[in-house]
Amino acid sequence: MKNKGIIKFLLAALTLVTLFHLSFTWVAHRVEQTAEEAAGSDPALKRHYLDSIAFEPVYDIGIADYTYQEVKERQLNLGLDLQGGMHVTMEVDVENLLRRLSNNNPDSTFQRALALAREDMKHSTQDYLSLFYRRFKALDPEARLAPIFATRENRDYISYKSTDEEVLNFLRREIDEAVRRTYNILLTRIDRFGVAQPNIQLLEGSNRIMMDLPGVDDPNRVRRLLQRTAQLEFWETYEAKDIIPLFEKVNQVLAARLHPETAKDTASEASAAEDTTTAAATDTAADLLAELGIEEGGREADTDTGMTAPEQLTPEEAARRYPLYQVLYPAIQQTEQGTFAQQGPVVGYAAVKDTAKVNAYLALPEVQRILPRDVRFAWTAKPVDAEGKVFALLALKASTREGGPALTGDVVTDARVSVTPTGEREVLLQMNPEGAERWRQITRKNVGRSVAIVLDRQVYSYPVVQTEISGGSSSITGGFTMEEAQDLANLLKSGKLPVRVAIVEEAVVGPTLGAEAIRQGMISLIIGFVLVMLLMVLYYNTAGVFSVVALLANLVFIIGILASLGASLTLPGIAGLVLTVGMAVDANVIIYERIREELRAGKGLKLAIADGYRHAYSAIIDANVTTLIVGIVLAVFGTGPIQGFATVLIIGILTSLFTSIFITRLLMDWWLAKGKTVKFSYPWNANMLVNADFPFIKWRKKAYLISGVVILAGVVSFFTQGFKLGVDFKGGYSFVVKLDKDVPTHQIAAELAKVFDEKPAVTTFDRNDQVRVTTSYMLDSDAPDAQQQVQALILKTLKDQWQVSGEVLSSQKVGPTIAEDIKAAATWAVIVSLLLVFIYIFIRFQRWQFGVGAIIALAHDVLIILSVFSLLKNLPWFSLDVDQAFIAAVLTIVGYSINDTVVVFDRIRERLQIRRRLTFLDSVNRALNETLSRTVITSLTTFVVVLVLFLFGGETIRNFSFALLIGIIAGTYSSLFIAAPIMVDLSGQKKSEEAA
């Protein structure tokens, strides 16, 4: 073996580097174990202990000391599916940004194009701006963008004469800047939130930001933290007495719009009733407020505005004459002297379900003409009743020509939590000099009146100004918990988002499910390794032992390299490790089979070993390069856990080459130098398959027929029953729920169908007392808590119908735009991998027939897997979802199958070069039989470890491993009966030889 010294040096260096990086994981675990012993069962105490030593040295290697924080940063990270946490993909709301850049231009073409583009986004992979412009020009080919966006604020960048291209370039710059600023602000928020080792990425080429937040145990809190714009505003207010009397005219306008016949009947009474404010339901406003638990007259009644008592009307008459009061209870109070508007800016109260209707009524153009031009309405951030169902509506007063607030949160320089003398938590604000002066003017102008403090269009407090406030200080109250107050302070310190953002993809994994995933993954890895070890030792004798040592070193190197790269080990990553265990021995199998051939040819042991390694290099390199191509494609087109699988696969391919070729060779040389012999077989298998002479080429037509029947059945199934698409591909919500007693899944699905107006998919998950519920109910809802509502409905249905308590172990949300992107990426991944493999095969073998044969064989394997998943889509034992994991499995099989095919083709090429008196067909058939032993052993080891994954890897990767099982069978079959025979059929030599 040449360059043995260099190989030894590289091996020693790689071992030292690997152990060094893995040592950080061991040290971190040791420190955390000490903290756990000190804290007992108190997680808060453990966290406090670890925080206290964050910057204390805990690892001394002589030349450097590492603090606990530095050790944590360098340890091997576990993915969210193993340690629990939250994965979130945020998308910047470009529509909202375009509206703002246009100053909410009311142009009908502009508004219609925005709405249509929003719908197009659900079924397209194009960006929103491109979709908007296409719709804009389709609606009116003569329309121009400049009149829409050439506002006073944008005059430094575009003018009324700007072309559409110039305006689009300006808009793209603004969108990119908004995304960048949003990323930086979210990064600051997460840092202040205190998540350990977060991973936050700006996804280039899109308007999305991806986050992995390990250890998060309160997803709702994170959702609020991420989605809130944090737009702080200070508004002057109207008094209720100035607005409530106008509601009478508002009722008349609404009655005329909703009930024209009533408007005609009551037109004669309008002038008499114009100065009357009345309750809008079956009883007086005071009684309605009392029913809701809202106290009347918290402040002294305004005696300047007298009102007559409400008329006695039937409920039907009241509904027709006072539509507004059916959903909004006016803020009035009755005394012996009459009915009066309450003092202050609250003009009414509404149940949470009615707030949207109130907003719609008050936004009508005919209603806006009745109200003051500078009035704006906003709801309180928190309910005002004990049951949490009623919110108060305030009348705000615009202070700028554009209709904005008196002051914005841009002037706030600091925010901190404090506790008032009464024990209420508040957020203290400090302003810059410019803001302090403006705040002084506002408070001086509004002494004796309320100033509303508004955050993200919700009123948090509206204190009465007692005196002019100088110094730029203020505070926000609102019945906060300490956690809410701290989050609000952090939001304000981080700054407001330049545009709205929404969660378009989300996955939450609880710590229980994460711990179970680790257990299942480790069981799979250990069993798989032991089985492969036994197979290699029982088949290859001493050489098999060397393979096991190399395999063990390979696993250590993979994990060490992952730690050094700062990559995360995910559950699919563990699946990649298990798969690597099966595939890593392939190089050794190729080498050992070659050595056995050389030994049978009569060569000495040392020469046979040297020639065996030398002759195997070509096949090993070709096979691994093609698999590496697939791994790279997976890494480029995959997302989240699939990238983790691809990372392990790529590292595994590279380390497998090193360990399988060099470590085993070093071990053999060392063993031989000690005067011992290396055995590559036992007496019972020394000549196994040596004289195999199966007529694979003659059987090809039967094989074509068998494959054709299966694929035809699959194609029919594609078009008749289709596939069971996972959440990744169709969008929706998925919840894994643990039940305290078993309930049949079909019964759960039937009951939920009544609630959701659609039938959800309900399947068992790992155990009978765990179910996975998948639904698209409320997926298109704009409600920020839509996912929580769906989750609550599931738990409520279980409780109401079967008295079952459920615990949500994990949840997932995939929006329709994300689903379209994932499908497009999956399609491109398959196409690109097949194309790259074809190009490589063509370059290496210099015959297009080889490339076409390989591609047809790969297409055959993919179609077989698709056919099985379509035909068995309703299998009751486990889910056969077509999702990202399925595509990863298909591409892995593409890599595995081409690996097998390339080894066969390499031997065919060698046989054709030395075929002597053999015909072309005989040479191909001989090559197939000569590589049969390698094909069987490699397929068997890979199949065994994937079977272990299928049986012990858990529900999360069960459909992934099932697809691999089918693919291994199909790939082995196609290497023998499809790839080489197709190459033969495309060759011009086979007809004459068959005729002869």
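1. Lys46 is partly exposed, with a relative accessible area of 25%; the term covers values between the two other classes, buried being under 20% and exposed over 50% relative accessible area (1.4 Å probe, protein chains only). Glu36 is likewise partly exposed, at 46%. The side chains of these residues, Glu36 and Lys46, meet in a salt bridge of 3.5 Å, N to O, where a salt bridge is a side-chain nitrogen of Lys or Arg within 4 Å of a carboxyl oxygen of Asp or Glu. Glu36 belongs to helix 1 (residues 4-39) and Lys46 to helix 2 (residues 43-52), so the pair ties together parts 10 residues apart in sequence. Helices (H or I, at least four residues) and strands (E, at least two) are DSSP runs, numbered from the N terminus.

2. This is a predicted model, in which local features need pLDDT of at least 70 and side-chain atom pairs count only at pLDDT 80 or more, while totals for chains, interfaces and linings use all residues. Residues are numbered from 1 along each chain as its sequence is written, and side-chain values use heavy atoms, with hydrogens and water left out.

3. The structure holds 43 salt bridges. In one of them, the closest N and O atoms of Arg118 and Glu95 are 2.8 Å apart. This pair links helix 6 (residues 108-120), which holds Arg118, with helix 5 (residues 94-101), which holds Glu95, across 23 residues. Arg118 is partly exposed at 37% relative accessibility, whereas Glu95 is buried at 11%.

4. Glu236 and Lys445 also form a salt bridge (3.3 Å, N to O). Glu236 lies in strand 7 (residues 232-237) and Lys445 in helix 19 (residues 433-445), 209 residues apart. Glu236 is buried, with a relative accessible area of 7%; Lys445 is exposed, at 61%. Elsewhere, salt bridges that share partners join Glu597, Arg907, Arg911 and Glu930 into one network.

5. There are 32 aromatic pairs in the structure. Rings of Phe, Tyr and Trp (its six-membered ring) pair if their centres lie within 6.5 Å; planes under 30 degrees apart count as stacked, over 60 as edge-to-face and the rest as tilted. The pair of Tyr59 and Tyr66 is tilted, at 6.2 Å centre to centre and 35 degrees between the planes. Both Tyr59 and Tyr66 are buried.

6. Tyr592 and Phe680 form an edge-to-face pair, with 5.5 Å between centres and 65 degrees between the planes. Tyr592 is buried at 0% relative accessibility, and Phe680 is buried at 4%. Tyr539, Tyr540, Tyr592, Phe680, Tyr682 and Trp684 form one aromatic cluster.
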